Amino acid sequence: MKALFFIIIFVAIAVACWQFVKLLGLTKVENQTATEKENNINGWLMLGLMGFIYCLMILSLYGTKDILLPQLSASAEGKHIDILFKITMTLILIVQFVLQFIIFYFTFKYRGIKGRKALFFADSHKLELVWTITPAIVLAGLIIYGLWTWNEVMDVSDAENPLIVELYAKQFQWEARYAGSDNELGNANVRFIKGANTMGVDFSDKNASDDIPLMVSEGKFVKELHLPKGRKVIFKMRSQDVLHSAYMPHFRAQMNCVPGMVTQMGFTPTVTTAEMRLNKDTQSKFQRINEIRVEKGEEEVEFDYLLLCNKICGSSHYNMQLKIVVDEEAEFNQWLAGQKTFAQLK
Amino acid sequence: MSDHHHKETFVTKYVFSQDHKMIAKQYLITGIVMGIIGVFMSMLFRLQLAFPEQSFSIIEAFLGRSGEGGVMTPDMYLSLVTIHGTIMVFFVLTAGLSGTFSNLLIPLQIGARDMASGFLNMISYWLFFLSSVVMVISLFVETGPASAGWTIYPPLSALPQAMSGSGLGMTLWLVSMAIFIASSLMGALNYIVTVLNLRTLGMKMTRLPLTIWAFFVTAIIGVVSFPVLLSAALLLIFDRSFGTSFFLSDIFISGEVLHYKGGSPILFEHLFWFLGHPEVYIVLLPALGISSEVIATNSRKPIFGYRAMVMSIIAIAFLSTIVWGHHMFVTGMNPFLGSVFTFTTLLIAIPSAVKGFNYITTLWKGNLQLNPAMLFSIGLVSTFITGGLTGLVLGDSALDINVHDTYFVVAHFHLVMGISAIFGMFAGVYHWFPKLFGRMMNKDLGYLHFWITAITAYGVFFPMHFIGLAGLPRRYYSNTAFPIFDDLLQVNVVMTVFAIIGGLAQIIFLANFFFSIYKGKKASQNPWNSNTLEWTTPVEHMHGNWPGEIPAVHRWAYDYSKTDEKGDLWGGKDFTSQIVPIRDGEEEF
């Protein structure tokens with residue numbers, strides 16, 4: 001691959017040099033715009049460029065099918081997003097294919113010929129009305145559907161008995177806190193950070209003692225965040241130092257963590273980790289990944305949900321992650337019961 | 001005006017020149033030099049993305065300690081993407097593009113002897129030069145150049161504890177930008193005043209070429225939005241150096257609580273994007289103006305829907321100032337605001353679509369002269385549509401959630417604003433080179449440059465959408481920390497190969513450009529058979545542009561292939577300069 005890479009570069013330079021030498025020999029003066037021959041060659045080449053762009057589009061659409069996120073959204077809210085996304089993408093692709101064709105076809109078809117008269121066609125209210133109103137109608141549809149989806153995703157006020165989880169971001173790791181039996185998080189502020197209280201929880205707040213932390217302890221990272229299937233999870237996000245963004249692509253969820261304030265976002269997981277591992281897209285993706293890994297001499301991996309940092313946050317931004325595990329609700333409750341509350345930790 | 005009051009020395013002619021044509025050249029050359037730095041940086045970090053653990057001697061050679069053993073450090077990677085973004089957006093595509101062509105074309109195309117204030121114009125260039133120098137110096141400071149991304153969101157950019165690039169490098173970045181903004185404000189005010197006051201007899205606003213409309217409206221957007229960035233930069237300097245808390249609150253870093261209380265990084269994001277989004281159009285509109293002119297001239301047809309084009313430019317400019325929040329859907333901004341910004345953002349698609357369709361209709365039934373400038377302009381229309389369409393995904397708040405800050409965004413804005421604007425700039429250089437330097441650029445090299453550039457631009461940025469859809473965040477030094485991204489490496493290799501070829505292909509342009517300045521074929525007065533006023537000036541530059549009277553204007557700029565009642569071309573030519581009076585029996589469009 002690397003050799004090919006250098007060869008291509010070498011060829012490009014060689015062609016450039018050859019052209020440059022040619023330039024030195026040029027003296028003839030001619031029509032400054034473009035000759036018929038130039039129009040002809042470049043008209044055909046424009047068709048070629050269109051072919052290249054179409055090939056690239058088709059190759060990208062099909063060739064990258066296996067590398068995309070699994071088609072199946074792992075959250076109920078994500079399904080709405082996926083539908084809107086499919087509608088928008090279909091529309092975009094149709095317009096893209098048609099318009100690119102027209103541009104390059106016109107360029108080719110009307111390439112200059114000596115003596116041809118161009119059409120003096122400066123204005124047409126009818127045409128302009130058509131291409132003002134058509135996009136307006138289409139966009140009105142997209143806007144209305146988009147806003148409905150946005151509210152559906154962002155509005156968490158009507159959730160019944162949601163699970164409240166705090167995500168706490170810091171350079172370059174994640175911590176978390178479950179709200180415990182009262183389902184209310186105790187107050188917190190970075191000014192309370194001291195010793196083992198790495199999240200700055202205010203223990204004088206009565207809601208704090210039943211909170212269940214997933215903390216960094218003795219230098220060990222938090223290993224995994226568990227979530228229940230079928231119950232709405234509302235994340236309250238905080239940051240300790242700089243901006244971070246909690247990005248959970250499989251759930252189609254993302255929200256920034258902002259120092260000095262609490263942001264929130266919620267979703268209902270609908271597919272457990274075990275179920276997602278059996279998903280066809282996931283399997284074909286991970287088969288490929290494991291082939292690549294074996295080739296490199298690395299160990300094979302299994303699918304896991306991920307929480308990634310998606311807002312530049314410093315030198316190790318590229319490795320700020322947390323594994324998410326979605327369990328059946330019963331399993332989740334069992335797991336949670338096994339975790340220690342602040343009161344128990346003391 | 002045409003008689004000289006003083007003898008010109010080298011310094012007054014080439015250095016402290018107040019002549020708009022010389023200043024345009026100064027802007028262009030400075031922009032090109034900065035462009036070389038910016039593009040070269042992108043080639044270095046593309047190497048890192050495609051071959052994350054491999055050693056390259058070129059990296060060690062250029063990055064020194066930050067590239068020890070031929071592999072760059074994460075901090076240096078972030079510095080490179082930050083400075084690449086800053087240089088390309090501000091120094092190349094704002095100053096290099098607007099600065100060059102507004103300066104060159106506004107006086108020439110409206111029929112003025114020079115800018116309204118030549119002195120202010122000169123100061124504007126030299127401030128730009130100074131800010132470029134400061135930015136370049138910042139590359140060499142010990143703690144490294146600014147590295148918080150070109151959006152420099154605090155607290156990351158405010159706290160040297162958070163990353164080493166936020167030390168002296170960031171200070172210099174802010175100083176450089178403050179100077180830059182002063183420069184661009186002076187330039188913009190000059191452009192506005194000149195267009196409003198110095199048009200020649202008969203040059204009504206409705207007869208202005210679309211280039212001038214684009215530069216004029218761009219200058220207005222700049223005047224409206226750049227001061228807001230300046231205020232953001234100043235407040236950030238206050239937070240960094242004087243302990244204020246405009247953007248900072250409740251921070252614990254390096255084992256201690258900082259004193260900041262009550263500020264909000266989101267405020268900074270609002271201020272930044274209040275410039276940042278209009279900036280996209282500050283970059284793009286001049287490119288669209290240039291391509292309108294080039295496409296009409298080389299189609300030998302009037303631009304279709306002149307009035308609709310002007311209205312679109314104005315509508316885009318107006319909307320561009322009320323859509324900034326679409327960069328902030330998932331920042332914690334109130335979701336209701338997200339709805340508002342989705343609405344205004346998607347509205348921008350309407351004038352953009354009108355422009356796209358009008359370009360295409362202009363090509364229809366033309367007699368296309370496919371010279372390099374024309375190819376780049378058509379390429380612009382193509383990339384503008386490809387990149388613009390994905391804006392429908394990103395502008396829709398619900399869809400943005402899952403692609404925000406991924407490579408999908410990077411692909412989108414590089415196509416719609418980066419590539420489109422740079423194509424517009426190339427089109428402008430090829431088209432107006434004879435006006436700038438009195439000589440022609442070599443056409444064959446121009447063709448070669450276009451073909452390699454167009455293919456590699458698509459080759460880099462089209463596949464990039466899909467690694468974004470695979471969930472890959474931008475600004476990751478390496479994707480090796482995530483097994484789920486292992487299968488994206490091949491795509492990255494392909495993109496890097498295209499990027500390196502595309503970057504190297506610019507050497508063809510540079511060689512052609514600098515060679516043609518001295519050795520190109522002598523240009524004729526109106527090499528493209530164009531209608532606009534700049535082609536009525538002599539090839540050799542002179543102060544005051546026209547010997548004798550400034551010609552009066554009698555018609556719009558797009559009377560190409562106009563026929564009389566019998567269907568014959570007026571005057572037997574397929575173009576009619578703006579200075580030709582309306583003939584008997586001819587109707588003015």
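The C-alpha centres of domain 1 of chain A and domain 2 of chain A lie 35 Å apart. The structure is a predicted model, in which local features need pLDDT of at least 70, side-chain atom pairs count only at pLDDT 80 or more, and totals for chains, interfaces and linings use all residues. Residues are numbered from 1 along each chain as its sequence is written, while chains are lettered from A and ligands numbered from 1 in the order in which they are written.

In chain A, domain 1 covers 39-113 + 126-155 and domain 2 covers 163-345; such bounds come from an automatic or database domain assignment. Where these domains meet, domain 1 of chain A contributes 13 residues and domain 2 of chain A contributes 19 residues. Two residues are in contact if their C-beta atoms, placed from the backbone, lie within 7 Å. The side of domain 1 of chain A that touches domain 2 of chain A consists of seven nonpolar, four polar and two charged residues. In this classification Ala, Val, Leu, Ile, Met, Phe, Trp, Tyr, Cys and Pro are nonpolar, Asp, Glu, Lys and Arg are charged, and the others, Gly among them, are polar.

Chain B contains 17 helices and two strands. Helices (H or I, at least four residues) and strands (E, at least two) are DSSP runs, numbered from the N terminus. The C-alpha trace of chain B spans about 85 × 50 × 50 Å along its principal axes. Its radius of gyration is 24 Å, which agrees with the value near 25 Å that a compact globule of 589 residues would have. This radius is taken over C-alpha atoms, and the globule rule is 2.2 Å times the number of residues to the power 0.38.

The domain assignment divides chain B into domain 1 (17-202 + 214-234), domain 2 (264-520) and domain 3 (524-589). The centres of domain 2 of chain B and domain 3 of chain B, taken over C-alpha atoms, are separated by 32 Å. Their contact takes 12 residues from domain 2 of chain B and 12 residues from domain 3 of chain B. On the side of domain 2 of chain B that touches domain 3 of chain B, α15(B) gives the most, with three residues. That side divides into six nonpolar, three polar and three charged residues.

Two helix pairs in chain B may now be examined. Helix α2 (residues 20-50) of chain B and helix α4 (residues 74-110) of chain B have axes that come within 8 Å and cross at roughly 155°. Axes are lines fitted to C-alpha atoms, for helices over the stretch in contact, and angles run from 0 to 180 degrees between N-to-C directions. The crossing angle therefore makes α2(B) roughly antiparallel to α4(B), a description used for angles over 145 degrees. The contact of α2(B) with α4(B) has 20 nonpolar, 11 polar and one charged residues.

The axes of helix α16 (residues 443-469) of chain B and helix α17 (residues 489-519) of chain B also come within 8 Å and cross at roughly 155°. Thus α16(B) is roughly antiparallel to α17(B). Their contact includes 18 nonpolar, seven polar and no charged residues.

Finally, the contact between the chains takes 125 residues from chain B and 112 residues from chain A. Helix α16 of chain B supplies the largest share of the side of chain B that touches chain A, 14 residues. That side of chain B divides into 80 nonpolar, 31 polar and 14 charged residues.

Notes
Parallel < 35°, antiparallel > 145°, perpendicular 65-115°, else oblique.
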